[in-house]
Structure formats: C-alpha cells, structure tokens
Amino acid sequence: MFIDRVVVRVKAGDGGSGMVSFRREKFVPMGGPDGGDGGRGGDVRVRADSNLSTLLDYTYRDRWDAENGDHGSGANKTGASGSDTILPVPTGTVIRDMDSGERLGEVLADGDEVLVANGGRGGKGNAWFVTSTHQSPREYQPGEDGVQRTLELELKLIADVGLVGQPNAGKSTLLSVISAARPKIADYPFTTLSPNLGVVQLSDGRTFVVADIPGIIEGAHEGRGLGLQFLRHIERTRLLAFLIPIDAMDWQAEYDQLRREIEAYSPELAQKPHCVVFTKMDLLGEDEAPPIETGDAFGVFTVSAAARRGLDTLLGAWWERLLWMKKATVRLDAPLPLP
C-alpha cells in the first residue's frame, strides 16, 4: 500500500541525573565527593533509506522514543549515554513540526539525516559542587528532559520526468512499456490510485526515472478527483510530459486545462520545462501530431505504447533535455574566475 503522509510522535531520551556519593576507602577518611555525571539522552533522527518507497510502516507504530541516559555513579563514573533512535524513511521525505508548522528538513539522498529531537543533557554529580568552604556537597543536578515533538512526514517522490494527463490518457501503459514498472492498467478512469515510479534504461548505461501519478481532472488543484493528493509527487521532477490521447474530443482544450490545473496548484511547477505527448496514435494509424498551440513546450511527440511506435524518439528527446538541464546547472554552479 502506498502511504505518503503520516503523523508520528517522537521523544528524545532524558539525561541521567548526577550522583551524590562520597569516597569510601580503608585508611582514607573524609575521602570527599566522587559522584559522577549522568549520561546524555539519545537523539531521534530521520534517515533516508533508498530501499523504502512508502511510509506504510508508520501506520502501525506512531510513537518512537530514544533511550534515556543512565544516572551517574560513585568513583566519578559517568552514566552511559542513551542510544539514538533512527526513523528510516524513503528518499524525498519532508519533515515538519505539527504544532509549530516549522519545516525541520528533508532527506533527498540515501543516508541523509535530520535531527528532529535532541536528547537531554546529563546532570552533574556532587563532585562538581565542592569548594574550599563546602567540602561535602550533597547537591546534584538532575538530567534534562529530552525534546518531544509531533512530526508530519510527507513523501514527495523524486523523479526526472513526471507524466501528467487526464484519467485514461495512457500514462500507466506508457510507463509499463518504457520501464520495468508494472502499474495497474485497465480501460476505465482512475485505474491508477497511487503514484508509480519506473526506471528507463537506455543504451550505454543511461538511465532516468519517470513518475506516473493518478489522472488530473478539472478542479484538481481544489481537491477534485485524486489530483491534489498526488500533485506534490511531481513537484520535484525536472520536466513534465503532458499526455493527450489522440481520441480526445478537443486536444487544445485538454492541453490548456492541464496547464491551468498545474499553474493553479503551483506557479513554480508550471515553470518547469514540458513537452506534449499524443498517445494511442495506433487508433488513427497516423504519426502526425495534430496542430495545437503548446506555448513554450520544448517538443511535441506522438507515440503508441501498444504498437511500440515513437518511443525511441520520445525517450531520446527526454534524455537530451535532461542532459542539457544538468549541464546548465553545472555551469551556474561553477565558481567565478579570479580577476
């Protein structure tokens, strides 16, 4: 089951208290204070795990506590620190504090970590409170409490190309043909109820990831259909592909409506490079794209996933565009030459 949003409660470990103790040893009267410090409480961290693809595990367990630190002991022994607790999540997970709404961070690559709750500091033992006029202190410092938080974990898939289209536009069929993904395919709207990712493998080891999300209908940005729930999964894609079936009643109207929904949901998302892909071309037996106004689209393509036509051209164009964007990003990040 695909779960992309959960709420969990976390609590870092409490620090151990300092110890009140006095040295007791044969032939050593009045040995003085030797109470050790308490150990530090464990932290709670969120860590990205590339082997995960859903937040399903957090629907079974919604509370995660780190270990408390041990109390100090005699002979100036410091208590052991508590172990950290790690919450494994899929890459692309955003972490927010539910109470304040603060965005604590996000994990984008395997192994990325975000510290979400600090463990409490251990208290000081009575050995810290000895002075020249106070040789037998019985004061000690209790350990600090660990931080408690209620977290919202939201998964936003990471992909290179996002497929956007109305229900039954042929998105899942295209994904199943160009990758090893096996989304559910059927001849009725909203067959896809959750996002699917597929890795496209080209020659010479070239690969990129394509995301298929449920169909978008008019008013999706207001919550109609399933669009609003899953539009966030294409926020991180590098380019968008608007799929229009060749048997649509009005190609231009369908393209314009998809563009409006994307722009209404997120103006930043609407600024991403995009192309137009006419699907199901085998229904007409032609390969010529219908004449429509596509604005600043970088290409208009025609494919038939069922007949395996036009796929190499489409995949090649996507790869070339991704490569061009990657080089442009590297040039922008390059350091300026010294004068």
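Strand β5 (residues 93-97) is mostly covered, with five of its five residues buried; buried means under 20% relative accessible area, exposed over 50% and partly exposed in between, for a 1.4 Å probe and protein chains only. Strands (DSSP runs of E, at least two residues) and helices (runs of H or I, at least four residues) are numbered from the N terminus. T93, I95 and D97 point one way from β5, V94 and R96 point the other way, and all are buried. The model is predicted: local features need pLDDT of at least 70, side-chain atom pairs count only at pLDDT 80 or more, and totals for chains, interfaces and linings use all residues. Residues are numbered from 1 along each chain as its sequence is written, and side-chain values use heavy atoms, with hydrogens and water left out.

Two strands are said to pair if DSSP finds at least two bridges between them. With β6, β5 pairs in the antiparallel sense over four bridges. I95 stands opposite G105 in β6, and V94 has E106 of β6 as its bridge partner. The two strands form a hairpin with five residues between them, and in the turn G101 has a positive phi of about 80°. Strand β8 (residues 148-155) runs antiparallel to β5, and five bridges join them. Here the bridge partner of I95 is L153.

These strands belong to an open sheet of five, ordered β3-β1-β8-β5-β6, with mixed pairing. β3 (63-65) and β6 (103-107) stand at the edges with a single partner strand each, so one side of each is left without a neighbour in the sheet. Neighbouring strands of this sheet are turned by 25° against each other on average, direction ignored; the axes are lines fitted to C-alpha atoms, for helices over the stretch in contact, and angles run from 0 to 180 degrees between N-to-C directions. Strands of a sheet pair through backbone hydrogen bonds, either parallel or antiparallel.

I3 lies in the segment before β1 (5-11). It counts as buried because its relative accessibility is 18%. Contact means heavy atoms within 4.5 Å; leaving aside neighbours within four places in sequence, I3 is in contact with T54, L55, L56, T59 and L155.

A further open sheet has six strands in the order β10-β11-β9-β12-β13-β14, with mixed pairing. Its edge strands are β10 (196-201) and β14 (300-302), each of which pairs on one side only. Neighbouring strands of this sheet are turned by 25° against each other on average, direction ignored. Helix α3 packs on the sheet and touches β9 (161-165), β12 (239-245) and β13; the direction of α3 makes about 145° with that of β12.

V199 has V209 of β11 as its bridge partner, and V200 has F208. The hairpin of β10 and β11 has five residues between the strands, and D204 in this hairpin takes a positive phi near 60°.

Helix α3 (residues 251-265) has 15 residues and reaches 22 Å from its first C-alpha to its last, close to the 21 Å expected at 1.5 Å a residue, where the expected span is 1.5 Å times one less than the number of residues. D250 caps the N-terminal end of α3, with a side-chain oxygen 3.1 Å from the backbone nitrogen of Q252. Buried residues in α3 are E254, Y255, Q257, L258, R259, E261 and I262.

H274 lies in strand β13 (residues 274-279) and, at 1% relative accessibility, counts as buried. The side chain of H274 makes a polar contact with the side chain of R259 (3.4 Å). A polar contact is a pair of N or O atoms within 3.5 Å; within protein, one must be able to donate a hydrogen and the other to accept it, and residues adjacent in sequence count only if both atoms are side-chain atoms. Leaving aside neighbours within four places in sequence, H274 is in contact with L240, F242, Y255, R259, T294, D296, A297, F298 and G299.
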